[in-house]
Amino acid sequence: MILLVGLLIYFFTSVLAGGFIQSTSLLTCMENSGLTASYFDVKYNRDSGIVDFEITAISTISGYVEAEIEVIVYGITIVNEHLSICDLNLPTICPLAAGHIDVDSSYTLSTSITSQVPGIAYTIPDLDARVRVIAYSNSTDTPVACVEALLSNGKTVQTKYAAWPIAAISGLGLITSGVISIVGHSNTAAHIASNSLSLFIYFQSIAITAMMAVNRVPPIAASWAQNFQWSMGIIYSRVVQSISNWYVQSTGGESTAIIKNKHVISISVQKMVKRSFDYLAAANNLIKRSNYDMIQDSSLYTTDERSGAFNSKILVLRGIQRVAYLANIEITDLFMTGIIFLIFFVVILTFLLFVFKAIVELLIYFGAMHQGKFGEYRANWSTITKGSLYRLALLSFPQVSLLCLWQWTVTDSVGTVVVAVVLFLGLFVLLLQSAVKVVLTGRSSIRNYKNPAYLLFGDAKILNKFGFLYVQFRADKYYWVLVLLVYTFLRSFFIAILQAHGKVQAALVFALETLYFIGLCWLRPYMDKRTNALNIFISVVGVLNSIFFLFFSKIFNQPDVVSSVAAIVYFVVNAVCALILLIMTIVTCALALVRKNPDTRYQPMKDDRVSFIPRTTDGGPPGLNNNDTELQALGVAAMSGHRDSGIYNQLNMVDDESSTSEKYHRRNKNASYDNLAQNSNRNSFSSNTEPHQMTSAMEGSMGSLTRPNNVFYQDTSYHGYDSDRKQDVRWN
């Protein structure tokens, strides 16, 4: 045993180093190995040059032993040597004696060894390195032990200083969109909400993809993905862990104790493949060379964290198990942790909405705020609140569907299964019902008004309650919400149900991501070019990530170096993409809050949705705002006496392809001409000579409209430039 420790110390300190190099688990890589360790902790400190080691193991090896040592860094074997233990000049291990081994000591390395260590190994995060030692008897040349130590320098890209700022910026976008919407800039709010939703979905996609139970996820890829697990509600909290543990046990379940005992059991978050042993076996004609997967050897490894077999075997954690372990959460507590945080956010959101409503009402009651301030919000407060909760339900659907489906397969307790069934079915039915309602409303609008935007954006109740499902899409692509829900459900289903089939899981997720990407590029359902480009970009990254995990699943049976290089590329690509998207979110939110009229940054949407969105004036009725009133009053005054002369048919003749004027007529068919005429009498003699800006009622295919200097004493016809026909138009 001391031989093996000495060899490990010598080789992993002479090839790799950091502020320290540490190995905390000694894994067995052959059946009936003569050495099994229940506790292994070896640490080399660079500054002192001292190796501290504490080992508890049982050895059945006796006599003179030689060893083959292989040091593997990022899938590349950089050391492959043959040594005799007697070459170490340590009398206690030459020859070896069988028995129980309990070592707690230290050893000082010479400068001739430490000087060979490359400097970059001290700082590179998530070092992907391991040392394998295969010992065999001198007399028989038969392997008697095979152990592997995974090495770490303590540097990692998994850090709360990355995870929490990312979460805060994502929340900033959603909060800003809500504030801007309440202020009245609906166009800006829709864009910010859509971009923030896409950003959050991207972060969720990274977290969900990392839950695939593939063959081996290199350390840097696993650590980076861990920074986004907060989007799935996987957040470590001692209080939440206590509540989850109590609930599991009180409802008939049995909690695991992997985290508490991780220092006394052998745990591997990577799947072991017997490759280094094959070359030695083949050389000695002992075992046929193959890519035999050691995880299939039940005498060495187990993936069942509840069986207790890991007391004598190595516990291999994959997929969702790996995510829980890296988050420092007990595997049986993972489901309830995600659900508790979801409930917490629902309560917080509801509380904030109530507080905001109460503050507004109090300020108005005491005269500190104008009576008509936030009139639309106050008039539709209950519907807007329901819409906000619906939006949160949409954001949490990937989390709920994956965790609940997974819980059905593992069954932590009767209580957790009941929660999973009720929560999943309730949320699924709620979102499906909402999506079907949107689709039926859109079809009804097309059937009756030849335009889906008329009802989807003209009905304030539908817009405030279900708008979260479709406002980010073009009006004619309202059905894309169903596509998005099906895509989300299938991805969660594949990852939750197929945890025991990593290759199949990776292939299905890749196919799903590819099909979704093709549909996105073909239909381009989002509201404008900028938003479509953003979501296509995110989808491209999603497809790339699924390709990386195909390599991690070993479906191509490629060398380990390919997976290690793919992991580095995975980290770089996603880190750059996340940085770009976060900067875009910060800039967009800042401009929206600073600018007086942020809507000017965005072009009018081609689906004419703003022509139908109900508006509320300060104290006025819904459906009519101050900007629209002036133009409508001028139109009524100028067309006085022509109410029955087919004026709207003349308007429609200006542009056969545009239905803008028809929408204008429908929207205002019940308006009082007398009231509008009275408004015109107060404003008609204005000397304003500047071009009149298009209002929401007139936005569409027409260009800028200009108003004559004095509509009662000069030419009262409206004229402008038709961008579709590329010619000037005029009507009386």
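## Close-up views of a predicted protein chain

**Figure 1. Here is the whole chain, before we zoom in.** Of the 732 residues in the protein chain, 53% count as buried, where buried means under 20% relative accessible area, exposed means over 50%, and partly exposed is in between (1.4 Å probe, protein chains only). This is a predicted model, so local features need pLDDT of at least 70 and side-chain atom pairs count only at pLDDT 80 or more, while totals for chains, interfaces and linings use all residues. Residues are numbered from 1 along each chain as its sequence is written, and side-chain values use heavy atoms, leaving out hydrogens and water. The protein chain has 22 helices and 15 strands; these are DSSP runs numbered from the N terminus (helices: H or I, at least four residues; strands: E, at least two). Take the contacts (heavy atoms within 4.5 Å) between residues at least 6 apart in sequence: 71% of them join residues at least 24 apart.

**Figure 2. Now for strand 9 and its partners.** Strand 8 (residues 129–137) pairs with strand 9 in the antiparallel sense over 8 bridges; to pair, two strands need at least two bridges found by DSSP. In this pairing, Val-131 stands opposite Ala-149 of strand 9. Strand 2 (residues 26–28) also runs antiparallel to strand 9, joined to it by 3 bridges. Here Leu-27 has Glu-148 as its bridge partner.

**Figure 3. Next up are the nonpolar cores.** A nonpolar core is a set of buried Ala, Val, Leu, Ile, Met, Phe, Trp, Tyr and Cys residues joined through side-chain atoms within 4.5 Å. The largest one has 108 residues, and those with the most contacts inside it are Tyr-202, Phe-203, Leu-402, Phe-457, Tyr-470 and Phe-552. Helix 11 gives the most to this core, with 11 residues. There is also a second, separate core of 31 residues, which includes Ile-21, Phe-40, Val-42 and Ile-61.

**Figure 4. Let's look at Gln-399 in helix 11.** Gln-399 sits in helix 11 (residues 381–410) and is buried, with a relative accessible area of 5%. A polar atom of its side chain lies 3.3 Å from the backbone oxygen of Met-232. If we skip neighbours within four places in sequence, the residues in contact with Gln-399 include Gln-204, Ser-231, Gly-338 and Leu-342.

Figure 5. The structure holds 28 aromatic pairs, meaning rings of Phe, Tyr and Trp (its six-membered ring) with centres within 6.5 Å; planes under 30 degrees apart are stacked, over 60 edge-to-face, and the rest tilted. Phe-549 and Phe-552 form an edge-to-face pair, 5.1 Å centre to centre with 75° between the planes. Both lie in helix 17, 3 residues apart, or about one turn of the helix. An α-helix has 3.6 residues a turn, so residues three or four places apart point the same way. Phe-549 is buried at 0% relative accessible area, and Phe-552 counts as buried at 0% too. Following helix 17 comes Lys-554, with a positive phi near 65°.

Definitions and conventions:
A polar contact is a pair of N or O atoms within 3.5 Å; within protein, one must be able to donate a hydrogen and the other to accept it, and residues adjacent in sequence count only if both atoms are side-chain atoms.
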